[in-house]
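Reader: Could you take me through the aromatic rings of this model at close range? I would like to know how they pair up and what sits around them.

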Amino acid sequence: MVRPRFAKLPEAQRQAIARAAVDEFATHGFHDASLNRVIEAAGISKGSMYYYFDGKEDLFAFVAQTSLGGLFAEVGPLPDLDAGDADAFWSVLEQYYLRLARALLGSPQLSALLRGWSAASKSPAFQQATGEMEQASLPWVEQALAAGQRVGAVRDDLPPSLLIAVVMGMGEAIDFWLMSHAPDDAALPGVIASLIGMIRRAVGP
């Protein structure tokens, strides 16, 4: 985990460490990334790095989550999902996901980081970070599914926990497929429409 001491660093030093880590992980991937290169690029000592992070897994999780948070801030909040009928609900989700996908594919470094997430997730030391990421997204998924049920877009005959598991599992698979195949901008709307259609068929009434 990120240690509280990191938050007490001057902003410029925190940014230097984060930039060095993003560059390293995006260029070399999780497994081949070197903490020594991050340390050298950030201009800090090895002892200092372990003063702020428990290890490579924690540093990677921090920069991936921070970068992803910046992406969501750039795209903006999800529009109101209660504003129409079932078709409107899925249309809003489709257009929002299209904006996210365009922003993600337009950021090669972030795309590379998230591709590395799959490799990192196989490390036992990374399981806590994966769990934290899933917990952070749970409220959003729960709220979206509840809104879908209110407008008749999402089935209500299954336990919410199962619907959440289905959506999160499909969403993760879709995200990694997009990052691996990177369809061009002209093809992207059709691809996103098809992918959202898959989720709709899975959890729709």
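Author: Happy to. Count rings of Phe, Tyr and Trp (its six-membered ring) as a pair if their centres lie within 6.5 Å, and you get nine aromatic pairs. Planes under 30 degrees apart count as stacked, over 60 as edge-to-face and the rest as tilted. Take Phe6 and Phe62: their ring centres are 5.1 Å apart and the planes meet at 75°, so this pair is edge-to-face. It joins distant parts of the chain, 56 residues apart, with Phe6 in helix α1 (residues 4–7) and Phe62 in helix α5 (residues 56–75); helices here are DSSP runs of H or I, at least four residues, numbered from the N terminus.

This is a predicted model, in which local features need pLDDT of at least 70 and side-chain atom pairs count only at pLDDT 80 or more, while totals for chains, interfaces and linings use all residues. Residues are numbered from 1 along each chain as its sequence is written, and side-chain values use heavy atoms, leaving out hydrogens and water.

Phe62 also pairs with Phe53: the centres are 5.6 Å apart and the planes at 55°, so that pair is tilted. With a relative accessible area of 1%, Phe53 is buried (under 20%, with a 1.4 Å probe and protein chains only).

Over the ring of Tyr51 sits the charged end of Arg5, 4.1 Å from the ring centre; the rule asks for NZ of Lys or CZ of Arg within 6 Å of the centre and within 35 degrees of the ring normal.

Key
Helix = DSSP H or I, 4+ residues; strand = E, 2+ residues; numbered from the N terminus. Buried < 20%, exposed > 50% of the residue type's maximum accessible area, 1.4 Å probe, protein only.
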